[in-house]
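Please open the structure in a viewer and keep the selection panel at hand.

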Amino acid sequence: MAPHPHLLANHLVGMLGSALLLSAFANLAMRRLTSLVRIFALQGLLLTASTLAVAILSSETHLLFSALFTFIFKVVLLPTILFRLMNRLHIQGEVESLVNVPSTMVIGLGIVVFSFTLAAPISELASTVSKGLIGVGLASLLLSFLMMITRRKALTQLLGFLGMENALFFSAINATYGMPMVVELGVAFDVLVGTFVFGIFFFQIRETFESLDLKHMDSSSLE
Amino acid sequence: MFLLSILLSPLIGAFVMGFVGHTKAASRLNILFSFLTFGATFLLAWNVFANGPLVGLDEQLFADGFSAIFIVLTGGIGATTSLFSHRYMAIEKSRGHLTGEKQRLYLSLYQVFLLTMLVVLVSNNLGLLWVSLEGATLTTVLLVAWSRTPESVKAAWKYFILCGVGIAQALFGTILLYFASEKTLGPGGTALLWTHLAAVKHTLEPTVIGLAFVFFIVGYGTKVGLVPLHNWLPDAHAEGPAPISAVLSGLLLNVALYAILRIKVLADGSLHNPLTAHLLMGFGLLSVLLGSLSMWKRQDIKRLFAYSSIEHMGLATFAFGLGGPMGSFAGLLHMTAHSLIKSSIFFVVGHIVQTSGSQKIPEIRDVALRTPSLARALLIGGLAVTGIPPFAIFASEFLILSVAVRRAPWSLPLLLLAIIVTFGVLYFRIQEMNGESGRSLSFPNEKPKITFYPIWIHFGLAFLIGLFFTHELGRLYGLALHSIGLTNG
């Protein structure tokens, strides 16, 4: 393929992709809940920027809407809801004691290598300008998954869930310039409803277990 | 128009329940709406079988024979469950477990749940299918947590997280599928429409489709309750209110497997290897084995039958993995029979838990003395679900075994072991519960009035299908399966 005219923008897309991957790793290591929500907002910003960059590179105008939509939804709306939720629940300052950050990181590295190997044949088939980044999307998906498994607090699990959705969105943008609009709207609607359901849950969990730490849930055994 | 009409009734129902769900008449209104939905689904299926597939709403909605079967099943069991739920909730109310507010939440979510499942079944767009299946998850999460006990909140949280993770994998599968189809169908709306995909399935890139199918089976398989992704299922079934356990087991698991089968048709067209068959057989067999062996030491009656659901969904999945006209027919028949019988068993179990005041098997005794008809229903349900002739599960299990003899003889001992273990465990457990405890009988609560006809409708249908209509149903199901290409292989 001939060198692309928008070399700078191309580099920019690559850089934003790496930043997203980095933020997924940061999620694994962060202990304070406020920093996690901030990282989530940052991820939203990175997604907006990379969607914009891909939109300009590929001159796909509908991606501009996606970018705007992402900005409103993931940079403004969801972080606001999350911060308000934390205020209401009085959990801003809470710190999670993490077990074994180094080994989680090593597993994370393994995940990245695995995702890139898995995504390599797909990237070759792709015709988008940012096809090299499909691996990044898959890796962030699995890293958020890892975060959900290793964390014990309800809110961190929610952030892992939202991180997964970010990664999926990123993959869709880079593999196919996004999904059809109706699907994207539907997914966003589900995520919003899901966040509200999570919110309802936090109050229920706190009411029943007097803590948002899921280890209290484990002690009330089912069978 | 037909397609929209089946969605209209639960949609309006959900709104109406949202406003008047706390009133006294609401439960009856819920029955009315559910039966309206059933009527509409029945007409739709009739129309589809008489005049061929329907497409509507800018091709976003679609129904063929295959989806019509599931649509009618969903409408029908939704309606009978609303009858059961009316009685069940009346008993809960008489014991002060039910406030108007809780009833409103329950009834409107019940309608939303039916709506989301029907949207899954009529959506032609695989992206919308994902959206509504996720919607069904969110609704049922709230329904499982409905009783607000610590156990139910915990079960719902587990369900939410596991299915949330699972369904994210399915979304990645959807992205991959779109990625592959966009090359042939062009970007935009049509590249995720099943009808268009089915027309070009042979040209889809096999590497991508193979990977997509793996993501799909892991994602939607979590909702089907396939082992090892089944962890949420027993908890959610045990802790949700009984009518919800009935529709979860009887309907939602089916709907998720339906989604996998739709994708399987596409993947089979693209791949020229038996990957999908092997995956379905593997997951299916594992679920059959683990589901039945886990029933061994269960102390909780609802959990016991939840594991039985895992076993039966595994059996249906395995049958579709075996493939061919007979294998697929057996799978579909098994899903139908299991829906009817298992939802009815949860009706019975719900009333047993209400009359004996406990969910733990060692504490449930004297059912036959206290409420003889419930004991009869439980015994018949146990016989029906373990595949005693002439109930329909006997026919489907017999078919599955006979296809397995030809196509995968190595699996036969494992399947037989699972079926025998299930039979033994259920038989002894039911004998224990129906039998006398020797304690002097006391009736702490006044004897609640129980409605039996939803229970007998289901068992009766399963009986009739098994005894008389296997042949007729076979013709209908064969046509439906053939038209979407599930009979190949």
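Select chain B: its secondary structure comes to 18 helices and two strands, where helices (H or I, at least four residues) and strands (E, at least two) are DSSP runs numbered from the N terminus. This is a predicted model, in which local features need pLDDT of at least 70, side-chain atom pairs count only at pLDDT 80 or more, and totals for chains, interfaces and linings use all residues. Residues are numbered from 1 along each chain as its sequence is written, while chains are lettered from A and ligands numbered from 1 in the order in which they are written.

Of the 489 residues, 63% count as buried. A residue is buried if 20 or more other C-beta atoms, placed from the backbone, lie within 10 Å of its own.

Next, select residues 100–122 and 126–144 of chain B, which are helices α4 and α5. They pack at an angle of about 155°, with their axes 8 Å apart. Axes are lines fitted to C-alpha atoms, for helices over the stretch in contact, and angles run from 0 to 180 degrees between N-to-C directions. The angle makes α4(B) roughly antiparallel to α5(B), a term for angles over 145 degrees. Among the residues that meet here are B:Leu109 and B:Phe113 in α4(B) and B:Leu133 and B:Ala136 in α5(B); two residues are in contact if their C-beta atoms, placed from the backbone, lie within 7 Å. The residues of this contact divide into eleven nonpolar, five polar and no charged. Here Ala, Val, Leu, Ile, Met, Phe, Trp, Tyr, Cys and Pro count as nonpolar, Asp, Glu, Lys and Arg as charged, and the others, Gly among them, as polar.

Move on to helices α8 (residues 206–224) and α11 (residues 275–294) of chain B, whose axes come within 11 Å and cross at roughly 25°. The two helices are therefore roughly parallel to each other, which is the term for angles under 35 degrees. To see the contact, display B:Gly210, B:Phe213, B:Ile217 and B:Gly221 of α8(B) with B:Leu275, B:Thr276, B:Leu279 and B:Phe283 of α11(B). Five of these residues are nonpolar, three are polar and none is charged.

For the last stop within chain B, select helix α15 (residues 372–385) and helix α18 (residues 453–484), which pack at an angle of about 30° with their axes 11 Å apart. In this contact, B:Ala377, B:Ile380, B:Gly381 and B:Ala384 in α15(B) meet B:Ile455, B:Phe459 and B:Ala462 in α18(B). The contact has six nonpolar residues, one polar and no charged.

Now select chain A, which has eight helices and zero strands. Buried residues make up 43% of its 223 residues.

Finally, show both chains: 34 residues of chain A are in contact with 38 residues of chain B. On chain A, α4 (101–125), α5 (134–150), α6 (154–176) and α7 (181–209) each supply at least two residues of the side that touches chain B. The largest share, 13 residues, comes from α7(A). By class, this side of chain A has 24 nonpolar, eight polar and two charged residues.

Note on methods:
A residue is buried if 20 or more other C-beta atoms lie within 10 Å of its own, exposed if 12 or fewer, and partly exposed in between; C-beta atoms are placed from the backbone. Angles under 35 degrees count as roughly parallel, over 145 as roughly antiparallel, 65 to 115 as roughly perpendicular and the rest as oblique.
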